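Hi,

Here is the structure for you to look through. Please open it first, then read my notes below.

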Amino acid sequence: MEKFDNNRTKDAWSARAAHRLTRRSFVAGAGAMGALAALGSFGLAGCASKGGTASSGSNGTDAEADDSFDAVIVGTGGAGLSAAIAAYDKGLVNIVLLEKMGVNGGNTNYASSGMNASETIFQAEQGIQDDSSLFAQETLDGGHNTGDPELVRFMCNNSAAAIEWLDGLGIKLDNITMTGGMSVKRCHRPTDGSAVGLTLVPGLLDAVSERGIPIAMNCEAKELVVDGGAVTGVKVEADGEEQTLRAKAVILATGGLGANAQMVTKYRPDLEGYVTTNQPGATGDGYTMAERAGAELVQMDQIQIHPTVEQKTSTLIAEGVRGSGAILVNSKGKRFFNEMSTRDKVSAAELEQPGGFAWCVFDQQVYDANKAIAKYDKSGLVKKGANAAELAAAIEVDPAALQDTVNAYNAVSANGEADEFGRTEGCIAFADGAMYAIKVAPGIHHEMGGIRINAKNQALDASGAPIPGLYAAGEVTGGIHGDNRIGGNAVCDIEVFGKNVGEAVAEALA
Ligand code: ADP
């Protein structure tokens with residue numbers, strides 16, 4: 001099978017560079033010749049269709065136009081790609097994916113920790129006892145009971161099936177770790193322990209390619225077409241030209257708003273000036289389009305900041321690093337909080353430290369257990385020393401204080417008891433020898449609020465009624481995570497609800 005050529009998905013760092021490309025590039029699957037062929041006959045060369053003539057109208061009512069689809073899926077992150085694959089496999093083949101950037105994958109490319117899931121085949125193989133109701137409870141607890149219990153239960157109950165579905169697509173997530181806010185290992189990573197996004201996106205793109213589902217790149221959805229309260233299409237723009245695509249269903253999978261500073265501060269004025277971990281296409285378009293079409297947006301002020309972001313490059317240091325034993329120390333070489341607590345609490349504690357930052361400190365065992373660290377190192381983000389004293393010199397903290405901190409942590413780890421900050425998870429004693437540190441502080445990470453949906457992924461209005469023809473999945477939706485998202489739950493969300501929306505739309509249109 002021909003592999004999907006999406007150059008940025010192979011490497012998160014080259015991905016960042018690829019995002020800066022302005023050159024138009026059309027990407028389509030091995031079987032997507034229809035899409036490529038269509039470009040020539042389309043008035044708007046930037047958008048793909050299954051072929052035929054261009055639509056000249058902007059109201060989506062030209063009966064002769066060959067730009068009508070069963071479903072238009074906006075966004076090629078994990079949610080959009082999964083939706084397309086699931087819809088196709090349920091028989092809905094007249095579909096198209098739109099991507100406003102020149103590269104696919106969105107923020108999903110940067111998903112680092114893994115995918116949380118309970119009662120999975122891989123947990124069973126490894127003797128890990130888990131329960132979907134425990135997963136749901138810990139998700140609700142992590143969000144301080146502000147998440148929607150029905151959506152949370154749906155996500156957790158369907159997480160094992162999503163892991164198996166991905167496995168069937170050739171995406172194996174069988175290396176299981178923990179992140180903050182979970183009491184058992186349920187964060188599923190690729191076999192080699194690498195960042196999940198760089199396995200997930202290429203794997204999903206391969207599946208899209210195999211099915212010949214067309215992707216229109218550099219094609220931006222601008223507005224939903226609404227007719228008598230129902231969504232009947234989407235206006236798009238590519239290369240400065242506009243076109244209307246008609247659709248029986250539009251699935252918004254446009255991700256978050258972290259790259260739109262104006263929108264971030266509209267909902268959270270206190271976040272002005274924060275760095276963002278988001279890719280440049282995360283500009284919140286889906287919220288604006290959905291709201292204009294009558295959808296309700298919920299909990300939009302719930303923008304998650306992530307505690308371990310390297311500030312010069314906005315690189316997110318994966319939570320798995322702490323999960324496998326790293327500690328956070330302040331500029332005085334002292335620990336200050338339970339590193340495995342939830343992201344909101346760790347971020348707040350970090351901001352209270354002198355200078356509002358921390359060093360994420362770890363040993364060779366942690367370095368070797370997390371493939372991503374070699375990449376951080378290659379990018380010059382990792383300070384190192386042959387021992388604690390040398391590392392202390394490199395990061396300019398008091399050597400005796402750092403050594404005391406490590407000794408105290410090791411003593412508690414050896415006992416298996418909660419330490420003075422209450423940490424019980426991921427406590428692994430530092431081995432003698434090389435030590436490493438990355439300077440981190442909080443950064444804007446994830447919009448937890450968004451379009452209100454039900455368990456069929458229908459977009460809902462303020463009265464709770466579905467807006468006919470409009471669906472949403474992934475980060476663009478709201479209410480699942482509440483006011484704090486557990487690390488690894490975003491990938492669970494995009495996979496469970498991405499698959500679900502594809503199946504739901506196929507069923508609705510059958
Ligand atoms: P999720 O995790 O929910 O799948 P991602 O951030 O991974 O979200 O992916 C969302 C994708 O949607 C990104 O690739 C982004 O560039 C794309 N996107 C955002 N807005 C638009 C738009 N208006 N038109 C087309 N694509 C869009």
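**What I found**

Start with a loop. S314 sits in the loop that runs between β11 (303–310) and β12 (315–316). Please keep in mind that this is a predicted model.

Look at the backbone of S314. Its phi is near 55°, which is a positive value in a residue that is not glycine. Most residues other than glycine have a negative phi. Is S314 buried or exposed? S314 is buried, because its relative accessible area is 16% and the cut-off for buried is under 20%.

There is another residue to check in this way. N457 is in the loop between β17 (450–451) and β18 (458–460). Phi of N457 is near 65°, again a positive value in a residue other than glycine. The relative accessible area of N457 is 0%, so N457 counts as buried.

Now go to a strand. H446 belongs to β16, which covers residues 435–447. The relative accessibility of H446 is 6%, so this residue is buried. Which side chain makes a polar contact with the side chain of H446? The partner is R485, and the contact spans 3.4 Å.

Next, the ligand. The space that the ligand takes up is the largest cavity. There are 27 residues around the ligand. E99, T108, A221, D285 and E475 come nearest.

What kinds of residue make up the shell around the ligand? By class, the shell has 13 polar, 9 nonpolar and 5 charged residues. Some elements supply at least two shell residues each: α3 (78–89), β7 (220–227) and α10 (285–292).

Here are some atom pairs to find on screen:

- E99: a polar side-chain atom lies 2.6 Å from an oxygen atom of the ligand.
- D285: a polar side-chain atom lies 2.8 Å from a nitrogen atom of the ligand.
- G78: a backbone N or O atom lies 3.2 Å from an oxygen atom of the ligand.

How much of the ligand does the protein bury? Taken alone, the ligand exposes 580 Å². The protein buries 98% of that area.

To go over it yourself, take the loops with S314 and N457, then H446 in β16. Finish at the ligand, with E99, D285 and G78.

Best wishes

Technical notes
Residues are numbered from 1 along each chain as its sequence is written. This is a predicted model: local features need pLDDT of at least 70, side-chain atom pairs count only at pLDDT 80 or more; totals for chains, interfaces and linings use all residues. Side-chain values use heavy atoms; hydrogens and water are left out. A residue is near a molecule or strand if one of its heavy atoms lies within 4 Å of it. A polar contact is a pair of N or O atoms within 3.5 Å; within protein, one must be able to donate a hydrogen and the other to accept it, and residues adjacent in sequence count only if both atoms are side-chain atoms. Accessible areas come from the Shrake-Rupley method with a 1.4 Å probe; for residues, only the protein chains shown count as cover. On a 1 Å grid over the protein atoms alone, a cavity is a set of points where a 1.4 Å probe fits but cannot get out, and a pocket is an open set with protein on both sides within 12 Å along at least five of seven lines; lining residues have an atom within 4 Å of a point. A molecule sits in a cavity or pocket if more than half of its atoms lie within 2 Å of its grid points. Helices (H or I, at least four residues) and strands (E, at least two) are DSSP runs, numbered from the N terminus. Ala, Val, Leu, Ile, Met, Phe, Trp, Tyr, Cys and Pro count as nonpolar, Asp, Glu, Lys and Arg as charged, and the others, Gly among them, as polar. Buried means under 20% relative accessible area, exposed over 50%, partly exposed in between (1.4 Å probe, protein chains only).
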